[in-house]
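Take a look at it first, and then we'll go through it piece by piece.

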Amino acid sequence: MQLTHLNTHGEANMVDIGDKEPSRREAVASGRVRMAPATLELLGAGELPKGDVLATARIAGIQAAKRTAELIPLCHALSLSKVSVDFTLDRDAGVVKVEALCRLTERTGVEMEALTAVSVACLTLYDMCKAVDKEMVIEAIQLERKQGGVRGDYQRSRTPLVTGDGTPGEVSLGERCELSPCVKVKFLAELRERVGTSELSLSLDRLQSRDVAGLKAALIAQDASFAVLEEPRTLCAINQVMANDAALITDEDEVAFFPPVTGG
Amino acid sequence: MSDPRIIVTVQEAAFDLDEGYAALLEGRCDIGAVVGFTGLVRDFNETPEVTALTLEHYPGMTERALGDIAAQACARWALTGVVIIHRVGRLAPGDPIVRVLAASAHRRDAFEGCDFIMDILKTRAPFWKKEHSTGGDYWVKERESDARDAARW
């Protein structure tokens, strides 16, 4: 992996994008401001001394996106076609969530613009509320996704609270497979992070034997990172019941792989 | 004897320590003992400075596994009822994670049933802990001592 903003001597270098074709690009970034419940209440009710906090923070974020090139040394000046900044008050988590979207048709990406919009919107929220709450924390400023460009699309992999859908007491088979007959495969917890995906569907025709061992072999043939499935500590469940290598798989089964459990 | 009452809940919200207690006892006078266990988040575990914990689970399978463990306990000991409440999501040190109540006519059944439930839960129920510490985040490794504890039964 080469850092594009350093030249071969390790010096800072603005990338020449003149030869790239302009294309449509979009980036979404997010962040949070953690604050006391009382502050969140005042914010929601519009009763903070400096006035309309969210409207002010939104304008600040949009302005900041347009001025990213002045703040970040090696960023190109871009003419953005759209910038939006949205806020969600999450009273249970005690945070204001900030999300910014930037879009344009250009030769370079807009993730720095989206991240700058979120950062400055968060700072403005802080400024507007600091009279009543000095304990606020700005946190988790991150790129959520980007589309377009030569390096392809990026989507932050969620580390979900729960893995997959389903309500208590109900077996979830998830979405129906597009291929038929097929098996739906889930990867949970640490295993999801190691293989880099949370779920996929596979045609049963790709399995040499229609059992767990056959599924593992087909996945490993598809991508070497699935070799982790062969480790003895990796566990497996079919339709949410523990299963071993010899267990048979039938159409539309849900097979989950996961590490040893650590609850309690 | 009527069927044992089994109450299993997986939730994000905090719970009260007496949650499920009244439901276990309601309308019966044959219960002589209720044993309760509470598991809490420690601020030291695999690293000395744990700042938070995120618990992930496998919805559907989790509830089924907890229900099975409670039913096994009721089959082995003369329990009149079992409550298992397990939290998921982000928790802070000192927060309760899990609560187990076991009720029986005589205390020995309740003590042993509760002990059994926790040992089996820790090795069978599909929950995974990720610890957040000052040094970074990591998935908690399974412990050999937990497997040994479960093997006692």
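Let's begin with a term: accessible areas come from the Shrake-Rupley method with a 1.4 Å probe, and for residues only the protein chains shown count as cover. With that in hand, take chain B: its accessible surface comes to about 7,200 Å², and 50% of that belongs to carbon and sulfur atoms. For chain A the figure is about 14,000 Å², with 51% belonging to carbon and sulfur.

Some ground rules before we go on. This is a predicted model, so local features need pLDDT of at least 70 and side-chain atom pairs count only at pLDDT 80 or more, while totals for chains, interfaces and linings use all residues. Residues are numbered from 1 along each chain as its sequence is written, chains are lettered from A and ligands numbered from 1 in the order in which they are written, and side-chain values use heavy atoms, leaving out hydrogens and water.

Let's stay with chain B for a moment. You'll find four helices and eight strands in chain B; these are DSSP runs numbered from the N terminus, with helices being H or I of at least four residues and strands being E of at least two. Starting at the N terminus, the order in chain B is β-α-β-β-α-β-β-β-α-β-β-α.

How does the radius of gyration of chain B fit a compact globule? A globule of 153 residues would have a value near 15 Å, and chain B agrees with its 16 Å. The radius is taken over C-alpha atoms, and the globule rule is 2.2 Å times the number of residues to the power 0.38. Along its principal axes, the C-alpha trace of chain B spans about 55 × 30 × 25 Å.

What about the inside of chain B? Of its 153 residues, 48% count as buried, where buried means under 20% relative accessible area, exposed means over 50%, and partly exposed is in between (1.4 Å probe, protein chains only). Contacts (heavy atoms within 4.5 Å) tell another part of the story: in chain B, 78% of those with a separation of 6 or more join residues 24 or more positions apart.

Now over to chain A, which has six helices and ten strands. Buried residues make up 41% of its 264 residues. Of the contacts in chain A with a separation of 6 or more, 65% come from residues 24 or more positions apart. The domain assignment, which is automatic or from a database, gives chain A domain 1 (23–153) and domain 2 (182–258). The C-alpha centres of these two domains of chain A lie 39 Å apart.

A few residues in chain A deserve a stop. A:His5 sits in the segment before β1 (23–34), and A:His5 is partly exposed because its relative accessible area is 37%. Setting aside neighbours within four places in sequence, A:His5 has contacts that include A:Glu11, A:Val15 and A:Leu74. The C-alpha atoms of A:His5 and A:Cys75 are 9.6 Å apart, although 70 residues separate the two along the chain.

Finally, look at two backbone angles. A:Ala140 is not a glycine, yet has a positive phi of about 55°. A:Ala140 belongs to strand β4 (residues 137–147) of chain A and is partly exposed, at 30% relative accessible area. A:Glu252, also not a glycine, has a positive phi of about 70°. A:Glu252 is in the loop between β9 (241–242) and β10 (254–258) of chain A, and at 25% relative accessibility A:Glu252 counts as partly exposed.
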